[in-house]
Amino acid sequence: MTTRVCETSLDLEDAIKLIRSRPLPLTLNILKGKHRSSQQNHLQRMWLNEAAEQLGEYTAEEYRAYCKLHFGVPIMRMESEDFMESYDRIIKPHSYEDKLEMMAVPLDFPVTRLMTTKQLTQYLDAMHDHFTMLGVQLTQPR
C-alpha cells in the first residue's frame with residue numbers, strides 16, 4: 001500500500017502521476033487531513049513513559065495498549081468505516097484482556113498510526129485528561 005500526503009499542488013501532481021502509472025483496475029482510498037506528526041508521536045511516547053514511571057502499576061507499552069483501546073478505537077470507529085469493519089470483525093468478538101493484548105506489541109493492531117493530526121490531537125487530549133485525573137504530571141508541549 002502506498003501512502004502519500006499532499007500538502008502542495010506539486011505533491012498532488014506527483015500523486016496523480018503515480019496513479020496514472022499504475023495498471024487498472026486499482027482501488028484508491030483518499031482521506032481528508034494530514035497524517036499524524038512526529039511531534040505528536042514523540043509526545044504520546046513521552047506521556048506513556050511518564051505515566052508508567054509515576055504510577056508504577058503498568059509499563060509504558062501496557063498503558064499504550066490501554067489508551068489505544070479506550071481512546072483511539074472509538075475515534076477511529078467513528079471516523080472510518082474501513083477501520084470499524086476491521087476492528088469489529090477481528091478484535092471486537094474477543095475478551096477485554098485479549099483486546100488489550102492485540103493492541104500491544106507484538107500484535108499491535110493499527111490504531112494511532114492510521115490517524116490524522118486532528119484525530120491524534122483528540123487522542124492526546126483524551127490521554128492527557130485520563131492521566132492528569134490520576135495525578136500524573138505530564139510534560140506540556142511548547
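**Group meeting: a surface patch, a pocket and salt bridges**

Ile 19 is found in helix H1, residues 9-21; helices here are DSSP runs of H or I with at least four residues, numbered from the N terminus. This is a predicted model, in which local features need pLDDT of at least 70 and side-chain atom pairs count only at pLDDT 80 or more, while totals for chains, interfaces and linings use all residues. Residues are numbered from 1 along each chain as its sequence is written, and side-chain values use heavy atoms, with hydrogens and water left out.

Buried means under 20%, exposed means over 50%, and partly exposed lies in between, with a 1.4 Å probe and protein chains only. Together with Leu 24, Leu 26, Leu 28 and Ile 30, Ile 19 makes a nonpolar surface patch of about 520 Å². Such a patch consists of Val, Leu, Ile, Met, Phe, Trp or Tyr residues with over 30% relative accessible area and no salt bridge, their side chains joined within 5 Å. The areas come from the Shrake-Rupley method with a 1.4 Å probe.

I turn now to the second largest pocket. Its volume is about 210 Å³. Of its 13 lining residues, the closest to the centre are Tyr 58, Glu 62, Tyr 63, Tyr 66 and Leu 100. A pocket is an open set of points on a 1 Å grid with protein on both sides within 12 Å along at least five of seven lines, where a 1.4 Å probe fits, and lining residues have an atom within 4 Å of a point. The volume is the space filled by probe spheres set on the points. Which helix gives the most to this lining? Helix H3 does, with 4 residues.

Finally, the salt bridges, each a side-chain nitrogen of Lys or Arg within 4 Å of a carboxyl oxygen of Asp or Glu. The count comes to 6. In one of them, Glu 61 meets Arg 64 at 2.8 Å, N to O. These two are 3 residues apart in helix H3, which means that about one helical turn separates them. Glu 61 is partly exposed at 25%, whereas Arg 64 is buried at 6%.

Another salt bridge joins Arg 113 to Asp 108, with the closest N and O atoms 2.7 Å apart. Through shared partners, salt bridges join Glu 61, Arg 64, Lys 68, Asp 108 and Arg 113 into one network.

Note on methods:
Patch = residues over 30% accessible without salt bridge, like charges linked within 9 Å, V, L, I, M, F, W, Y side chains within 5 Å.
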